[in-house]
Structures are given as structure tokens and as C-alpha cells.
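Please open the model in your viewer and keep the selection panel at hand. We will go through it stop by stop.

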Amino acid sequence: MSKGEMVIEGEKYNSKDRVRADHTDKLYAHIPEGETLLSIRDLNVTYRTDEKSTVAVDNLSFDIKKGELVSIVGPSGCGKSTVLRCISGLLQPTSGTIMIGDNKCTTAGSDRGMVFQEFALFPWRTVRKNIEFGLEIAGVPKEERRERSEKYLKAMGLFEFADSRIHELSGGMKQRVGIARAMIMHPAVILMDEPFGALDAQTRNILQESLVKVLKNSSRTIVFVTHSVDEALYLSDRIIVLSKRPATIHKIIEVPGDRPRDRVAPEYAAMRKEILSYLQSQNTMN
Amino acid sequence: MLSIEYDENNPKHRMVRKAIVIVISLVTFVILWWVVTALMNDRNFPTPDKVFEALWNLILYGDPIGGHSVWDYIAVSLKTFITGFILALVVALPLGLLLGYVGPLREFTSPWIEIVRPIAPIAWAPIFVLSFGSQLGPALVVFIGIFFPLLTNIIFGVQRIDQNWLDASKTLGASQGQLFYKIVLPATVPYILNGIKVGLGVGWMCIVAAEIYNKFGGIGQYLVDMVNGGLMSNAFAAIIIIAVLGLATTGVAEYASKIVSRRMGMDA
């Protein structure tokens, strides 16, 4: 076996495949659930203009364990999406490292799937072809693609829309496609950037429940950026609360209880109050 | 008495309405033409009846000087036009995608485009015919006319690509080549079709200029001959033929672009 190659369950991955292939989660099968999978160390993002430099993210370090869903909340404009974009590789941090297992992440790749607030679906493709996009990229044969997309179409309640075009779907349906498109790849980590931020409150709740249901059947590691404390409490194992810009970690909160959770349970009400009052204190308008 | 309410939501009603509007518009046009030319009473601006008579004779008996069939003229023009169009497509498509995609290259070459683009195609006609002969020369004049609107539309289309599409593709593992074939190319198709539509229109504007130096052939050469011979009704008949050819080709392009845009859920 040459350098940069790993053999996982009889399949061969070289370092290029690590950011191109599907099922990159298999690369980290040796890491048990609950152990650190993704680690962010000393992340700095500084924007430089001619007159001044603005520090958006200041020396941020945290770990994400395998199989957990961690939300990042913070006051508006604190740079939580910036952190997520750094993890995805779509944005180069000024300094700092992002590691999945022993692999350093430098560019964007299929090991870090992403769900976008604006859906970012391809309007010239059908729902099915949107979901199959990553598998096409990875060179998965057509029959297998079809088989696997069928499963996700069903799981996300999209089956009857399989051959619809994106513009024919409601916002909620669009994001179901977005989630299926990321999940079908079985990336090591899924990044969700305010995925339900563009949806109305009711649709939002329904999608949160769908996500919980899907995660019941398939354990995933998710970093979830949201501005909704309720959403974070409903979905996350842990919540990372960021300060106002430049973003530093104020607190990491463990959220008890199995999903699906009771949205109005009193234990969450206290946590909700605590986080909200902190966020309010950090509001730059004050 | 039979009466039908017009229903905006009924596609058949909308089509009939559209057809009626077009017919009334064309009839009004001919009436206005007639009134204006009758008032001018200038033999250089014949009335429609003379022109349609000339057109009719041209179709039935061929041209009044050499007796060549009108279809021969049209065939030569179509050959010139199609050659120019295919050349423009073959050059503008890869070049437009490349310049749209590679910012520095676009910046570097945009002064060239801005220098060459405003030059009227008719200015190129003598140069191209002298250098490339009477076959390729006229086609190149048409090429110039179609090339620039096509190129600028394609460049614009590539620049309009949603950054989110590229980002999403990267997080799904797409390489640079795959970004190009799976995102840039399909996302630009509506703009390519729009460029073709605009380019075809400009192309027909160039046909007279392109064929001005032809010995025999082309509806443009026929028009110039008729003007030189003072047969203005015949010259205007040629204009009508060019207009019909232009309408037919841009109509097909417009229909194709509408269908594709709708199927792709995109508007250019």
C-alpha cells in the first residue's frame, strides 16, 4: 500500500478520493461513536481592507464528536456562518487547522457535505438528479445511483416529486432535496448553514421533525448553524454559544434528552432563557 | 346569437387573440406604407401593390434581368448565412465560456472586443471578400454580425452563475472540470440560446453587406443589382424576402429558447 492510501472494508481510497468519493464516513469507521471526529484548532478569520482589518473569528477551538449534532448559535453577524464556511473549505481561514480524524482539511470536498440556507439546488436538474449529483461526481454507476436516490426520496417524503423541477417545489420541499443531496453521499461530517432560516415557522417545525426522524435511522455527525435558540434546543446534543464579533466561545451547553423532544418541556425553557438573555446582552445595538 | 367571452386563462383564446393582433398589425402596416408612399409620390419608394406584384413575378418567373430563379438566390444566401452562423457558434461557444469563467483572461481581452465590436460589418465586407474569396468572405461578414452578440451573451451568462451552485458542487466533491461540465455549461444554456436569437437577427442585417460584392448569388446581391438598375419595386421585394427569412430563423430560435428555459426552470 503506497503512501496516502487506506483500505477500508476492502475498498481503496487515496488522498484524492477523500474529497471526491461518496461514503467518506467509512474512512473514519475506526473512530467509535462519541469520540472526537472533527476538531477545529485556533481558527482565525481576519478581513483586511485598505484602512483597517476586521477580526471576524478570534482563535476558536472546539471538537465535534462522532454521531452528535452540535448547533452553533450567536448574536446576528457574529461570524457563525463564517466558521461553518471555514470547516467546509469554501472559505480559507487566516490561520488555524481543521482536522477530520488524522486528515487535515484544506479545500472543499465530499467528506464535508453542506446544506445551504438558500438551498443551492440546480434548476436544470430534476429532484432525483439533484439528489444524485454527488454520486455522479463520485462515478457511482447509474443503477446504484437510482437505487440509492430512491431510498432518500422516500425518506424525505419526495417520492412523488422525483421527476419535478426545482421551481415547482415549495421552500420546504426544496430544502428536503438539499438535505437528501448532502446525506446520500454519507460524508464524514454534514454542515448545515441555517438550513431552515428561509422557511416559515410551521414548515420549519415539520422539517426539524423530518431531520430527527432521518437521524434515528442513520447516525450522522452534524454541525448546525442557526439563529433560532428553539431550533438548537430541539435538535442538538450540544450547543456552542458564540459571543458577538469577533466570535469566541462563550459557553458550550449539553442538551439532555433523546430526540424527538418535547418543545415546551420546562428544562428547555430555563436553558432557552439563559441563552436568549446572553444573546441579547451581546446584541451590538445595545 | 353566438358570442364567446374572452378568457385570459384559456391558452386557445390567448393564441387566437395573439393571431388576430398580428394580422391587424400587419394590415395596418401595409395601409400606413401605402398612405406614406402615395403621399411621397417618389419612384424610389414604391407603393405596396407594386412591390407585391414584383415579388409575385420574382417568385413565378425569376429575376427580370438574368431570369434566375428566386430559389437560387435564396439558396446562396442561406448557404452564406448558415456558414457564418456555424462559424460564429463554433468560435463563440468555447471562447465565451472560457472568458466568462476565467476572470483575468476576460479582463485582458475585453479591450480587444470593445475595439473590434463597434466596427460595422459592412466595413469588413471588401476586406474579407478580397482576402478570403467570394465563398468564405460573405460568410465571414455574417459571422462578425452573429459572433459579438453571441459571445457577450455567453460571457454574461457564465458571470450570472449562482455562486451557491458552485459552492454546493464543491462540497459534493466536484473537480474543476466537473464544475465546468456539470454546472457552468448547463447553467449557461439559456444565455447561449438568447445569444443565438439576438445573433440571428443581427446576422440577417448583415446579409446585404455580405453579398454586396457577389457576382451572382444571394438575395443581397439581387437587391443591390435592382437598386443599381432602378427597379425599386424589385429591390423592396428582396427586402421582404430577407425579412421573412429573418423572421423564420429568429422565430425558431425564440421558440427553442423559450422551451429550454421553461424546461430548465430558468429565465435568461
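The tour below goes from one chain to the other, with a selection at each stop. Bear in mind throughout that this is a predicted model.

**Stop 1: chain B as a whole**

You will find 10 helices and zero strands. Followed along the sequence, the pattern reads α-α-α-α-α-α-α-α-α-α. Along the principal axes, the C-alpha atoms fill a box of roughly 70 × 70 × 30 Å. How many of the residues in chain B are buried? Of its 268 residues, 36% are. Now consider contacts in chain B between residues at least 6 apart in sequence: 72% of these join residues at least 24 apart.

**Stop 2: the two domains of chain B**

Colour residues 1–41 of chain B one way and 43–264 another. The domain assignment calls these domain 1 and domain 2. Their C-alpha centres are 29 Å apart. Where the domains touch, six residues of domain 1 of chain B meet four residues of domain 2 of chain B. The domain 1 side of that contact has five nonpolar residues, one polar residue and no charged ones.

**Stop 3: where chain B touches chain A**

Show both chains. Chain B brings 15 residues to the contact, and chain A brings 24. Which elements of chain B give two or more residues to its side? They are helix H6 (163–171) and helix H7 (176–205) of chain B. Select H6(B) first. This helix supplies the largest share of the chain B side, six residues. By class, the chain B side has eight nonpolar, five polar and two charged residues.

**Stop 4: the open sheet of chain A**

Hide chain B and look for the strands of chain A. Six of them form an open sheet, in the order E8-E9-E10-E5-E11-E12, with mixed pairing. The edges are strand E8 (112–115) and E12 of chain A, each of which pairs on one side only. From one strand to the next, the twist averages 20°.

Select residues 189–193 and 222–225 of chain A. These are strands E9(A) and E10(A), which pair in the parallel sense over four bridges. Opposite A:Val225 of E10(A) stands A:Asp193.

**Stop 5**

Strand E11 (residues 238–242) and strand E12 (residues 249–254) of chain A run antiparallel, joined by five bridges. Pick A:Ile240: its bridge partner in E12(A) is A:Ile252.

Zoom in on the loop between E11 and E12 of chain A, where A:Pro246 is found. A cis peptide bond joins A:Arg245 to A:Pro246, with omega about -5°. Most peptide bonds are trans.

Carry on past E12(A) to A:Pro260. This proline sits in the loop between E12 and helix H8 (266–282) of chain A. The bond from A:Arg259 to A:Pro260 is also cis, with omega near -5°.

**Stop 6: helix H1 of chain A**

Select residues 80–88 of chain A. Why is this helix largely enclosed by the rest of the structure? Eight of the nine residues of H1(A) are buried, so the helix has the rest of the structure around most of it. The buried ones include A:Lys80, A:Arg85 and A:Cys86. Step just past the helix to A:Gly89, which takes a positive phi of about 90°.

**Stop 7**

Most residues other than glycine have a negative phi. Two residues are worth a click here.

Start with A:Ala120, in the loop between E8 and helix H2 (127–131) of chain A. Its phi is positive, about 55°. Is A:Ala120 buried or exposed? A:Ala120 is buried, with 22 other C-beta atoms within 10 Å.

Then select A:His186, found in the loop between H5 and E9 of chain A. A:His186 has a positive phi of about 45°. A residue is buried if 20 or more other C-beta atoms lie within 10 Å of its own. A:His186 has 20 such neighbours and therefore counts as buried.

Terms used: Residues are numbered from 1 along each chain as its sequence is written. Chains are lettered from A and ligands numbered from 1 in the order in which they are written. This is a predicted model: local features need pLDDT of at least 70, side-chain atom pairs count only at pLDDT 80 or more; totals for chains, interfaces and linings use all residues. Domain bounds come from an automatic or database domain assignment. Two residues are in contact if their C-beta atoms, placed from the backbone, lie within 7 Å. Ala, Val, Leu, Ile, Met, Phe, Trp, Tyr, Cys and Pro count as nonpolar, Asp, Glu, Lys and Arg as charged, and the others, Gly among them, as polar. Two strands pair if DSSP finds at least two bridges between them. A residue is buried if 20 or more other C-beta atoms lie within 10 Å of its own, exposed if 12 or fewer, and partly exposed in between; C-beta atoms are placed from the backbone. Axes are lines fitted to C-alpha atoms, for helices over the stretch in contact, and angles run from 0 to 180 degrees between N-to-C directions.
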